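Here's a quick briefing to read with the model open beside you. We'll start with the domains and then go through the rest by topic.

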Amino acid sequence: MCGVVGIYAPGRDAARLAFFALYALQHRGQESAGIAAADGGAIRSHKAMGLLGAIFDEAILSELSGPIAVGHTRYSTSGSSIVVNAQPLLERSELGDFAFAHNGNLTNTQTLRETLSPQVVLQASSDSEVLAKMLVERSGSLVERTAHVLEVARGAYSVVLCTGDELYAFRDPWGVRPLALGALDEGGYVVASESCALGTIGARFVREIEPGEILRIGEHGIESRRVIDDDKPPALCMFEYIYFARPDSQFAGRSVYMARYAMGQALAREHPVEADVVMAVPDSAVPAGIGYAAQSGLPYVEGLIKNRYIGRTFISPDQQMRSRGVQLKFNPLVENLRDQRVVVVDDSIVRGTTTPRIVSLLREAGAREVHLRISAPPITHPCYLGVDMATYDELIAANKSVEEIRAHTRADSLGYLSLAALIAATSRRREEMCLGCLTGTYPSKPEAATVK
Ligand code: AMP
């Protein structure tokens with residue numbers, strides 16, 4: 001879980017564009033962020049822990065001059081949450097310096113690490129640095145080095161990289177994490193994890209970067225090379241559709257909003273219930289909630305108001321506050337809940353900590369019945385490819401039946417969307433998706449030692 005952005009904008013301040021594009025990707029990671037900018041020669045960078053708005057100000061951005069930039073916002077899934085693991089990483093190579101930003105998780109980090117020469121010192125503890133060092137150590141042009149990485153590195157990696165005068169982007173052969181290409185009207189290009197970041201800075205969506213594709217952008221224009229392997233069919237992460245991506249992003253020509261709306265409609269068909277109102281747990285389940293309401297003919301209401309500013313706080317609540325948990329984040333709207341039979345749509349149950357608290361919050365606010373509807377199937381397997389999920393021990397659906405989960409949440413009823421309906425809602429073919437967390441079949445499994 002991370003957001004990456006790359007900017008090539010002749011005559012403009014790329015760092016400023018990167019900042020606003022990253023702002024649109026803040027949902028992909030709130031732990032640390034950074035931007036590196038190149039002005040034809042030197043690369044300057046700034047990165048720190050925390051949210052984007054707290055890290056950058058006018059003075060810092062002005063220091064990051066130049067028409068090329070890469071940026072990153074991080075949520076750690078590999079490596080600890082400390083500033084040396086913040087990205088972009090700056091690397092020195094015989095081809096010149098480059099700045100590197102990665103979204104995803106490798107599954108063969110240990111093997112790749114062993115291919116590096118012994119004198120390579122790794123500063124960071126993340127798999128991203130291993131990828132960057134492979135580019136440093138290889139010979140040939142940067143495109144040739146990247147082609148080698150695409151052949152040997154397994155797992156998820158959407159990467160943007162800038163040298164002093166060029167921007168590069170590449171995506172693993174499965175295309176697990178998204179990566180979109182946009183064009184600036186004034187000339188130049190933008191690469192971003194999600195298409196929602198493009199409009200923010202006045203860029204037009206051009207296309208997705210293909211799985212296994214390398215882009216090189218510079219004075220000569222844009223150049224593409226595809227390292228294709230027929231053994232590796234595309235496998236975009238289904239959890240991007242379920243929860244992670246912003247609804248105003250699009251994958252394969254379909255907006256995430258419309259996919260989630262269709263998931264809600266299908267959920268209403270598969271799990272109808274006698275009720276008075278439909279609500280969703282904000283924000284990620286709202287499109288599915290609206291879809292459920294439309295299909296069922298029940299009115300859609302807001303039942304919980306989410307505090308948009310709580311985000312990730314580094315100040316721990318005291319014990320009494322923690323036990324009430326979700327109240328820091330959600331406030332119930334009593335007027336919409338009192339004496340109502342409520343359908344509550346949420347996008348997923350992962351560990352099963354949040355949902356029982358939401359159910360009791362709604363009951364305390366006066367709901368007469370609470371019918372839980374989940375717009376995805378049970379999450380029964382961990383993610384090894386970049387989503388911070390949980391281990392088998394922690395995943396409630398890996399250990400309990402649907403009826404046991406219902407009892408745990410104390411809802412009156414519980415219904416999950418079927419896998420077939422979920423896939424249909426995305427308009428993609430089953431073979432084109434990574435369904436690892438739902439089926440246990442992964443495009444690439446980690447080396448044995450890291451399976452939990
Ligand atoms: P829980 O079952 O307590 O682990 O939390 C499930 C809730 O967290 C759902 O409402 C999801 O919308 C949300 N959620 C799902 N996956 C994640 C994730 N990787 N990080 C943060 N929140 C998530």
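In this predicted model, the C-alpha centres of domain 1 and domain 2 sit 34 Å apart. Where the two domains touch, domain 1 puts in 11 residues and domain 2 puts in nine residues.

**Domains**
- Domain 1 covers 3–234, going by the domain assignment.
- Domain 2 comes in two pieces of sequence, 255–307 and 324–433.

**Overall shape**
- Laid out along its principal axes, the protein has C-alpha atoms that fill a box of roughly 70 × 45 × 45 Å.
- What radius of gyration does the protein have? The value is 22 Å, and that agrees with a compact globule, because a chain of 452 residues packed that way would come out near 22 Å.

**Fold make-up**
- If you're counting secondary structure, the protein has 17 helices and 23 strands.
- Take the contacts between residues at least 6 apart in sequence: 69% of them join residues at least 24 apart.

- How much of the protein counts as buried? That would be 56% of its 452 residues.

**Charge**
- On the charge side, the protein carries 45 positive and 52 negative charges.
- Average the positions of each set, and the two mean points for the protein end up 4 Å apart.

How values were computed: Residues numbered from 1 in each chain as written. Predicted model: local features only at pLDDT ≥ 70, side-chain atom pairs only at ≥ 80, totals over all residues. Heavy atoms only, no water. Helix = DSSP H or I, 4+ residues; strand = E, 2+ residues; numbered from the N terminus. Rg over C-alpha atoms; globule rule 2.2 N^0.38 Å. Buried < 20%, exposed > 50% of the residue type's maximum accessible area, 1.4 Å probe, protein only. Contact = heavy atoms within 4.5 Å. Lys, Arg positive; Asp, Glu negative; His and termini not counted. Charge placed at Lys NZ, Arg CZ, Asp CG, Glu CD. Domains from an automatic or database assignment.
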